[in-house]
Amino acid sequence: MTVFHFFNCAILTFGPHAVYYSATPLSEYDTLGTSVKAALVYLGTALVKLVCLATFLNVSDSESFDPYQELLKALIGFIDVAGLYFALTQLTHRNISQNHKFQAVGLGWAFADSVLHRLAPLWLGARGLEFTWDYVLQGLEANANLVLSISLAAFGSLIWLRKNKPRTLVPLIYICAGLVATMPSITSYLSRGWGWHFLDVVVFELGTSLVMALISWWLVAQCQRPSA
């Protein structure tokens, strides 16, 4: 039963990444190399963030919300944006469209995040003797993160790669990109500052990811329309 629970949670956590790759044109255009490169950039970015967090943040046993510490975490979190910028603009890619590029980068980014933050807890915890919903929620959170990562890559593609975007949409693109980039700090505030349970936070992340996916899809469609 414990092994069955582990495999169910693992499929829920990592399966959507494979499904997204195979069910979209990404597999037809062989963008796996782009996703792998993005995953490697994410790992390098995570290492830089880890060094910065260990250097500038104070270790505290308290679970209370510290505005200064959380603000510092949010600022360090923008290292992800720099890494995403590098993955979108500086890496060499196959001759693929911008739409396929940001999807491949976002997919690799989200997969690396899930492996780094969820594989070890899943392996150590989901095989326990006692059933718990925490790892199911963790898998749902990974799905939300997949959508948010692709959405952030879409916003980044519009900011850095799309030159002929309508000026009226530029503020909305930056606002949405900022919201997605600071999502870890927002969820931390909800759980520590407002006392939200893990289930509440995951539901919020799923809802936010759906909204951001729709907005990013609409913005990409609007920016692709020929100007009058």
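V36 is partly exposed, because its relative accessibility is 43%. The residue sits in helix α2. The model is predicted.

**Surface patch**
- V36 belongs to a nonpolar surface patch, together with L32, L40, L43 and L116.
- The accessible area of these residues together is about 450 Å².
- Helix α2, covering residues 32-56, supplies the largest share of the patch, with four residues.

**Annotated transmembrane regions**
- An unreviewed UniProt entry places the feature "transmembrane region" at residues 39-59, 71-92, 144-161, 168-190 and 196-220.
- Residues 144-161 are 94% helix and 0% strand in the model. The C-alpha atoms at the ends of this span are 25 Å apart.
- Residues 168-190 are 87% helix, again with 0% strand. Here the end C-alpha atoms lie 32 Å apart.

**Cysteines**
- The disulfide count is zero.
- A disulfide is a covalent bond between the sulfur atoms of two cysteines.
- For C176, the closest cysteine sulfur is that of C223, at 12 Å, so the distance is too far for a bond.
- For C223, the closest cysteine sulfur is in turn that of C176, at 12 Å and too far for a bond. The cut-off for a disulfide is 2.5 Å between the sulfur atoms.
- C176 counts as buried because its relative accessibility is 3%.
- C223 is also buried, at 1% relative accessibility. The cut-off for buried is under 20%.

Note on methods: Residues numbered from 1 in each chain as written. Predicted model: local features only at pLDDT ≥ 70, side-chain atom pairs only at ≥ 80, totals over all residues. Heavy atoms only, no water. UniProt positions renumbered as here; feature names shortened; annotations may be inferred. Helix = DSSP H or I, 4+ residues; strand = E, 2+ residues; numbered from the N terminus. Patch = residues over 30% accessible without salt bridge, like charges linked within 9 Å, V, L, I, M, F, W, Y side chains within 5 Å. Areas by Shrake-Rupley, 256 points an atom, 1.4 Å probe, with all protein chains shown as cover. Salt bridge = Lys/Arg side-chain N within 4 Å of Asp/Glu carboxyl O. Buried < 20%, exposed > 50% of the residue type's maximum accessible area, 1.4 Å probe, protein only.
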